Amino acid sequence: MTVAIYTDGACRGNPGPGGWGAVLLHGEHRREISGAAPETTNNRMELTAAIRALEALNRHSAVALYTDSTYVKDGITRWLPNWKARGWRTASKSPVKNRDLWESLDALVQRHDVSWHWVRGHAGNPENERADALAREAAKKAAR
């Protein structure tokens, strides 16, 4: 059975206080997780949501991961192999931003069978909306 994961990140200012949220679904089981950082960026929170969700799995799993971040989806499915081949440089030869998080995500993806799916944010998908709410609430707490 596949684990469905919905992730989102939020930032109050970019950079600023940020939060991430994830909803994990497996059969009848549902788990919601979230966290925050006092000074971060939206992209870092989007990546952190996917990382923390995959870390929450305690065994090798088939995963359908849904994100509204094209940065995360395109990064992991299209750009990452080229970044690694170029020594963590972009096509324009500049260092890859958020390399630490990309390396963590890459390592976690090796432990699971992950399929990546983009969903339109704020379009009524209940699980994506919940991940967004978790991320926004965590960012609000980080701002206090």
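Hi everyone, let's start with Thr 40, which, leaving out residues up to four places away in sequence, touches Cys 11, Asn 14, Pro 15, Gly 16, Pro 17, Gly 18 and Met 45. Before I go on, please keep in mind that this is a predicted model. Thr 40 belongs to strand E3. Is Thr 40 buried or exposed? Its relative accessibility is 6%, and because the cut-off for buried is under 20%, Thr 40 counts as buried.

Now over to helix H4. This helix covers residues 126–143, and at 1.5 Å a residue its 18 residues should span 26 Å; the C-alpha atoms at its ends are 26 Å apart, so the expectation and the model agree.

Which residues of H4 are buried? They are Glu 127, Asn 128, Ala 131, Asp 132, Leu 134, Ala 135, Ala 138 and Ala 139. Looking down the axis of H4, you'll find its buried residues within an arc of 160 degrees, so they line one face of the helix. On the face of H4 turned away from the buried side sit the exposed residues Pro 126 and Lys 141.

What do the buried residues of H4 pack against? The partners are strand E1 (3–11), strand E2 (16–26) and strand E3 (29–40).

Val 23 lets us look at that packing from the strand side. This residue is found in E2, and with 0% relative accessibility Val 23 counts as buried. Setting aside neighbours within four places in sequence, Val 23 has contacts that include Glu 127, Arg 130, Ala 131 and Leu 134. Its contacts also include Ala 4, Ile 5 and Tyr 6, as well as Arg 30, Arg 31 and Glu 32. Val 23 and Glu 127 are 104 residues apart along the chain, yet their C-alpha atoms are separated by 6.7 Å.

Last stop, the largest pocket. Its volume is about 290 Å³. The lining is made up of 14 residues, and those nearest the centre of the pocket are Val 3, His 26, Ala 56, Leu 57 and Asn 58.

Note on methods: Residues numbered from 1 in each chain as written. Predicted model: local features only at pLDDT ≥ 70, side-chain atom pairs only at ≥ 80, totals over all residues. Heavy atoms only, no water. Helix = DSSP H or I, 4+ residues; strand = E, 2+ residues; numbered from the N terminus. Expected span 1.5 Å × (residues − 1). Buried < 20%, exposed > 50% of the residue type's maximum accessible area, 1.4 Å probe, protein only. Arc of directions from axis to C-beta. Contact = heavy atoms within 4.5 Å. 1 Å grid on protein atoms, 1.4 Å probe; cavity = no way out; pocket = protein on both sides within 12 Å on 5 of 7 lines; lining within 4 Å. Points joined across faces, edges and corners; volume = space filled by probe spheres on them.
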